[in-house]
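Dear colleague,

I am handing over a structure that you have not worked with before, and I would be glad if you could look through it with the notes below beside you. The notes follow directly after the structure itself.

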Amino acid sequence: MIRVKREICTGCEICISSCPYAAIEMIEDKAIITEMCNLCKACLSSCPEGAIEEIVENSEFRVPSSELTQYKGVWVFAEQRRGKLHDVSLELLGEGRRLADTLSTELAAVIIGSKIEKEADILITYGADKVFIADDPFLSDFHDDSYGHILAGLIEKEKPEILLSGATSIGRSFIPKVAARLRTGLTADCTSLDLNGRTLLQKRPAFGGNIMAVIICPNRRPQMATVRPKVFKKPIPKSGRKGKIVKVPVTEDIPLRTKTLEFVKDLTSIVNISDADIIIAGGRGLGEAKNFRLLEELADVFGGAIGASRAAVDAGWIPYAHQIGQTGRTVSPRLYIACGISGAVQHLVGMQSSDIIIAINKDPGAPIFNVATYGVVGDLFEVIPPLTKKIKEFRS
């Protein structure tokens, strides 16, 4: 890390102009390095007083190479809600299987909850070689403290090399706490995973989605990542597949800082585009809110759902529940039709795993065509109405 020695800093502000990331601010006439720092070290030589220094990583945070080899296996935290597996758990088993096979190691799932024995068998059919199950009435409600204590303790004992979890409300809540207890790294909201040797390459949008960063954790284990739902495809289950189920002992003396008083199911009408097989999405090219009616007519013919880019949502043309992309939903339908969407990387990370992508845009250089299965260069107002008419005629 980079820091400023306040007792030496004279407040000359020379370092501010040297920082390409605008990561230095003046507070009480002293320079401060903010969280925007990218560790480029440009500021180190700029300070005439030598007040800026680099703090070399403490050796206690670096695991010796000999100890790293003790960590084996790929794990998936299998999230469940009210006793039913979340789809992201099965999606991650497919990706975990690929990583485990590449590393010639075992794939295990960890499931925590109450009355979840049958879900352990399902995890095996979806590719797990082993399932660790912590099943106890004490765990019927999710708590950061209890789930984190059990998962971290299991990791400390078994030493997996990689741990994957869904970037859901539950995963985002307690997986960082597990990483902190284990003093290892965690990459959130990954959109793809790969391997370089035994190093997990964790790709995710950075700098507001303007670049795709590849993040690694070379000196600590396990390598941990959370992944958005719908980024990976669910594997095909194999009935009759054999695996080992390991019961994890549960103690109820874990101190809980919160208490669940009541579980209330949300019955409000919310668009769930994540589960749609066909999505018709509109962007800035629609021009105004009323033109979404064109997409609604096409969606009605297909029996699909309406999606939108952030530009359309920010313009107030359609509610946020329809937004697809880095700051919206991640979807993976069988058919995705992008109408008037240029294809900024923030949008692409939310839909590029769709089976078939059809892009309609009058700009032949639009980035959306780079991921499209089929591209139509043309005015959407001239393309969509006759397309809707033809499909209606075909279906009738």
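Asp29 counts as exposed, because its relative accessibility is 62% and the exposed class begins over 50%. Please keep in mind throughout that this is a predicted model. Asp29 lies in the loop between strand S2 (24–27) and strand S3 (30–33), and its phi is near 65°, a positive value in a residue other than glycine. That deserves a remark because most residues other than glycine have a negative phi, and most peptide bonds are trans.

A positive phi is also found at Lys230, where the angle is near 75°. Lys230 sits in the loop between S15 and strand S16 (244–247), and with a relative accessibility of 16% Lys230 counts as buried, since that class covers values under 20%.

As for the peptide bonds, the one that joins Arg221 and Pro222 is cis, with omega about 0°. Pro222 belongs to the loop between strand S14 (211–215) and strand S15 (223–227).

Turning to the helices, two packed helices are described by the angle between their axes and the distance between the axes. For helix H7 (residues 292–302) and helix H10 (residues 380–395), the axes come within 10 Å and cross at roughly 25°. H7 and H10 are therefore roughly parallel to each other, as angles under 35 degrees are classed in that way, and their crossing is left-handed. On the H7 side the contact is made by Leu294, Leu295, Glu297, Leu298, Val301 and Phe302, while H10 contributes Phe381, Ile384, Pro385, Leu387, Thr388, Ile391, Lys392 and Arg395. Sorted by class, the contact of H7 with H10 holds 10 nonpolar, 1 polar and 3 charged residues.

A second pair consists of helix H5 (residues 144–158) and helix H6 (residues 169–182), whose axes come within 9 Å and cross at roughly 45°. That angle makes H5 oblique to H6, and the crossing of H5 and H6 is right-handed. Among the residues that make this contact are Tyr147, Leu151, Ala152 and Ile155 of H5, together with Phe174, Ile175, Val178 and Leu182 of H6. By class, the residues of the contact of H5 with H6 divide into 8 nonpolar, 4 polar and 4 charged.

Cys12 is in no disulfide, because the nearest cysteine sulfur, that of Cys47, is 5.8 Å away, whereas a disulfide requires a pair of sulfur atoms within 2.5 Å. Cys40 is likewise in no disulfide, its nearest cysteine sulfur being that of Cys19, at 5.7 Å. Cys12 counts as partly exposed, at 39% relative accessibility, and Cys40 is partly exposed with a relative accessible area of 39%.

Finally, which residues is Tyr320 in contact with, leaving aside its neighbours within four places in sequence? They are Val313, Thr327 and Gly328. Tyr320 itself is placed in the loop between helix H8 (310–314) and strand S19 (335–339), and its C-alpha atom is separated by 9.6 Å from that of Gly307, a residue 13 residues apart from Tyr320 along the chain.

Methods
Residues numbered from 1 in each chain as written. Predicted model: local features only at pLDDT ≥ 70, side-chain atom pairs only at ≥ 80, totals over all residues. Heavy atoms only, no water. Buried < 20%, exposed > 50% of the residue type's maximum accessible area, 1.4 Å probe, protein only. Axes fitted to C-alpha atoms, helices over the stretch in contact; angles between N-to-C directions. Helix = DSSP H or I, 4+ residues; strand = E, 2+ residues; numbered from the N terminus. Parallel < 35°, antiparallel > 145°, perpendicular 65-115°, else oblique. Left-handed = near helix turned anticlockwise from the far one by under 90°. Contact = heavy atoms within 4.5 Å. Nonpolar A, V, L, I, M, F, W, Y, C, P; charged D, E, K, R; others polar.
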